[in-house]
Amino acid sequence: MLKQWLRAWRGGELGLLCIALSLAVASVSGIAGFSERLQATMATQSRTFLAADHVLTSPRPIEPQWLDNARSEGLRTAQLVAFRTMVYASEEMLLVSMRAASASYPLRGELRAPKQMFADGEGVEHGPLAGEVWLDSRAMATLGITLGQTVEVGEKALVATRVLVDEPDRSSALNIYGPRGLMNLEDLGATEVVQPGSVVDYRYLFAGDDAAFVAYRQTLSASLLPGQKWLNIEDNQPALASALARAEEYLLLAASLTLALAGAAIALAAQRYGQRNIDAVALMKTLGASRRYILLHYLRQLLLVLLLASVLGGLVGVAVQYLLFASLSDLVSATPPAGSLRPLWMAIVSAALCLLCFAMPPIVRLSRVSPVHVLRRDESLEGGVRLATAAGAAGLGLLMYWYSGDLSLVIALMLGCSVLLVAAAGVVLMALTGIRRLSGRLPGSAQRLAVSSIYRRRYANAFQTASIALALMVLVSLLLLRELLLKDWQQQVAEDTPNYFLINIAGRDVEPLEAFLADRRIHHAGLYPMVRGRLVEIDNMPLQNIEGLETRNTGVDRELNLSWSEVLPEDNQLIAGQWWSQAAEPLQTNPVSVEQELAQRLNITVGTALRFNVGGRDLTATVASLRQLDWASMRPNFYFLFPEDALRSYAGSYITSFYLDDSQRPLLVDLLGRYPTVSLIEIGAVLKQVQGVVAQLSRALAVVLLLVLVSALLISAANVMLSFQTRKQENALLRTLGARNRFLFAVVIGEFALLGALAGAVAGLGANFCLFFIQRWVMQSEVLLYWAAIPLASVAGAGILALLVLASSRKMLRSSATVLLRGA
Amino acid sequence: MIKVEKLSKTVPSGDGELRILKGIDLEIKAGQSAAIVGPSGSGKSTLLGLLAGLDSPSEGDVLLQGQSLASMSEDQRAALRARSVGFVFQSFQLLPSLTALENVMLPLELAGMEAPRQRASTLLEELELGHRQHHYPRLLSGGEQQRVAIARAFASEPAILFADEPTGNLDAKTGAHITELLFSLNRDKGTTLVLVTHEQGLADHCQRVFEMYDGELSELQRQCPC
């Protein structure tokens, strides 16, 4: 049997099938393996945002027994106690957000605490020792101390040994805005600052094996008290979690679609394999072979191909994984965890299923070839496209569901593919019929021959064009999706997004502060007054009496920041009503401009009367306009804006934000020294963390896209190669009849450029369909379509196929005309 | 018209080199008909391929209408074929993607002749295939396919016609009809005809008969020159 197989292999029929199958194995094991390991790496890095794998928060200490249980399950633990306390230096005192940490804190990530002011400093694995305290630059500047000096926290004197710059879980801490400090948990008792009734946040950190944690969490779930809550990355970092989730969906999509491409390549190769074996099967049947014998014979051959492809594809897949990680080495700081065998196993099962669904239909049809074929060679395996398509679609659907477990994603993809396949077939057939009608009037025989050849094989061509269209559609969809994702992420974190907020700026400090910033060329977002007030009535109806209004969900159950401005702020957009400076006549009552989403939730429109309570005083106003805000801009934004006259008499302070790069940070000491009542909020560290992750993700996605591009090119090449085989005979004949190379070129390039253009146009259309479904139902975001992709993909399709043909045309044209004389 | 000097063809094989043609000399004058007969594997088809410039010899040269094929590029040989050579094959070799009419038009267009559609149509009418013009090859019988192939071969009024077992795939009656057609056209158009055949009946129609045996060619003396 091996001999037979080797003979078939030498015939070149199995080679293409093997390449296609290896591609399937390589892409699935490569992408699945890469994304598995990338996700593990990302998850590790994301966990540093928690400083642990899981965190339990509690308003009071938990039973020590709980921690013992965790340790006996094999989990590592750490404790944090967060509270606010006055810290005293010799002359000064300051309210500091202090956290007392056990020796093992942090369990994930590291602290940054240099031994000098306003430096980035090296990473430190664990927190301060007993008797030490680490304060941030701001606290040290305000307290007027340097490193090595002593401060008092409650009843305990602690030595400031390092400057606290960053903790991994800083963004999840309660008070990230005020001055911060970190001390050792052992000293907490001696300070005597935590008394019954103190506002204290207890955090218990856990790290270790997922299975052990699940078991531990289950045993604990019954004992959890109200107020005690588990935190994970999703709760903690919604923006990051959604970025990760989208990246996961994207990788999954890429893997599924690469598989679809490989499937199509397998189908093409199998079709050709079957076609070339018709003579052999007819002969075997003439010699007495049964259908069962023939089926088994070819199944054995396919099995050997699968075996070879598993080994080859597996090796290539491993290489792909390493290449991907190598290209990300400067971004993925952690060493990727060793890969499991699961992706390879998945890939082999997928390839087997692909083979079964895509390669079996032509083999089954092959087994039905009539022995009469020996006498009259008019049998063809063309047709039966529907069976192949149905079997292939079923197989792919199954595989995608296996990968994702997400039925809606599979349905969206399959629907996109079905629409594309049907549309491709329909459009190609319609276009070909039309062109064929016109072809009689074409001046050159090259064009007519090209059109005739396409038309003659129109059903096979519809299938091939659909497969190329599918490949192009995958590319176009992924390109467009990537654009969308990147735009979405970048909007969240632009490079010069303000990273500091100044609040509590007293009215008298406004002018000197503006001058201070201007002198140092620091561009700020503008100084906005801020008056705290509560919304109490809408159209004379108290809020609590309004039916269907959940004040909790609308965010108006607390004090809101009201502000005034004579001009519409820079990045605000007026979407209804009029800004007061544009009003034709003086307004009767106080006008107010409301943020549109809040307006929608509260059912407020232009003309609605509102009543606020500001520091015990009433403020009535009529809604004059609605504004759209960009919350991600990190500039001061307000739900309610008034003209200056309306709000001026109410006491308030000012707020601003600005961007400062690392080298300018020492300015802050000076600023805080001059304006001691001003509060500084630093959000730079949080932004940086998110920016780092976004940068990694987008690089990873670009690499995956490259992989899909290679698959798409391969499938197009498979198409071209397959048709080259069938046209060898035709070229030999044309050459015998006196056709020159240029003519043969013109025929083949014309044919493929036409098919490529058709495929591209259909792909552009299909990609927009897919995009629509994915945005609408999978990502549940705003739907953005790119119709320009249709002509662009059409030109690209024609170009890609023409180039592929050009690259391999020498081989095709080399066919000798003498084959015709040997009765081939 | 056709002159062959010391023509040899060697191909590599498992045990070294296989010499298919061994220094063949041959001359066929314009308007003559010649048959090449011989057992299978004697090199008949190889010789035909070399005569038509489909393949290149290892040694020697072929002169078609006084032009040396050895000195021509592949494209130049193709241009010569388009102008002066017609072909009929055993297995017809019609392009399945073209109708009967389009198959006949093809060599006319390749040779850049005027009114190819009209000429092709007239020729098919002459061969009683007028009603089959717009049919694809697969809808035609073997005899009809070979008649279309003959129409295609004569369409550009070539000076030389090569035929490779033209009746090999046909039944006796159809074969006889095709033979008659081939020779009557040969007479009417004054074409030089070279055919390779196994069939004595077909060879008998030719003015000259050559026998190929083990790569060597010899002319058989005819009892009655036709």
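# A walk through chains A and B

Let's start in chain A, where A:Asn603 sits in the loop between helix H18 (596-602) and strand S18 (609-614). The phi of A:Asn603 is positive, about 65°, although this residue is not a glycine. Keep in mind that you're looking at a predicted model. Another backbone detail to look up in chain A is the cis peptide bond that joins A:Tyr105 and A:Pro106, with omega at about -10°. You'll find A:Pro106 in the loop between strand S3 (93-101) and strand S4 (111-112) of chain A.

For the model as a whole, ipTM is 0.76 and pTM is 0.57. Chain A has an average pLDDT of 77, with 74% of its residues scoring at least 70. Where pLDDT is low, the predicted coordinates should not be read in detail. In chain B the average is 86, and 98% of the residues score at least 70. Of the elements of chain B, helix H2 (residues 74-84) has the lowest mean pLDDT, 82, while strand S3 (residues 33-37) has the highest, 93.

Now over to chain B and its sheets. One of them is an open, four-stranded sheet with antiparallel pairing, in the order S2-S1-S4-S5. Strand S2 (16-28) and strand S5 (67-68) of chain B are at the edges with a single partner strand each, so one side of each has no neighbour in the sheet. At the S5 end, strand S4 (residues 59-64) of chain B runs antiparallel to S5(B), and two bridges join them. Look for B:Leu64 there: it stands opposite B:Gln67 in S5(B).

Another open sheet in chain B has six strands, ordered S6-S7-S8-S3-S9-S10, and its pairing is mixed. Its edge strands are strand S6 (85-88) and strand S10 (216-220) of chain B, each of which pairs on one side only. From one strand to the next, the twist averages 20°. For the antiparallel sense, take strand S9 (residues 208-213) of chain B and S10(B), which pair over five bridges. Here B:Glu211 has B:Ser218 in S10(B) as its bridge partner. S9(B) and S10(B) form a hairpin with two residues between them, and B:Asp214 in the turn has a positive phi of about 50°.

Two packed helices are described by the angle between their axes and the distance between the axes. Helix H3 (residues 100-110) and helix H4 (residues 116-126) of chain B have axes that come within 8 Å and cross at roughly 125°. That angle makes H3(B) oblique to H4(B). Contributing to this contact are, among others, B:Val104, B:Met105 and B:Leu108 of H3(B) and B:Ala120, B:Leu123 and B:Leu124 of H4(B). By class, the contact of H3(B) with H4(B) involves nine nonpolar, one polar and three charged residues.

H4(B) also packs against helix H5 (residues 142-155) of chain B, at an angle of about 135° and with the axes 10 Å apart. H4(B) and H5(B) are therefore oblique to each other. B:Arg119, B:Ala120, B:Leu123 and B:Leu124 of H4(B) make the contact with B:Ala151, B:Phe154 and B:Ala155 of H5(B). Six of these residues are nonpolar, none is polar and one is charged.

How do H3(B) and H5(B) lie: roughly parallel or roughly antiparallel? Their axes are 8 Å apart at an angle of about 25°, and H3(B) and H5(B) are therefore roughly parallel to each other. From H3(B), residues including B:Asn103, B:Leu106 and B:Pro107 meet residues of H5(B) that include B:Val148 and B:Arg152. The contact of H3(B) with H5(B) divides into eight nonpolar, one polar and one charged residues. As for handedness, the crossing is right-handed for H3(B) and H4(B), for H4(B) and H5(B), and for H3(B) and H5(B).

Definitions and conventions. Residues are numbered from 1 along each chain as its sequence is written. Chains are lettered from A and ligands numbered from 1 in the order in which they are written. This is a predicted model: local features need pLDDT of at least 70, side-chain atom pairs count only at pLDDT 80 or more; totals for chains, interfaces and linings use all residues. Axes are lines fitted to C-alpha atoms, for helices over the stretch in contact, and angles run from 0 to 180 degrees between N-to-C directions. Angles under 35 degrees count as roughly parallel, over 145 as roughly antiparallel, 65 to 115 as roughly perpendicular and the rest as oblique. A crossing is left-handed if the near helix is turned anticlockwise from the far one by less than a right angle, and right-handed if clockwise. Two residues are in contact if their C-beta atoms, placed from the backbone, lie within 7 Å. Ala, Val, Leu, Ile, Met, Phe, Trp, Tyr, Cys and Pro count as nonpolar, Asp, Glu, Lys and Arg as charged, and the others, Gly among them, as polar. Two strands pair if DSSP finds at least two bridges between them. pLDDT is the predictor's confidence in each residue, from 0 to 100.
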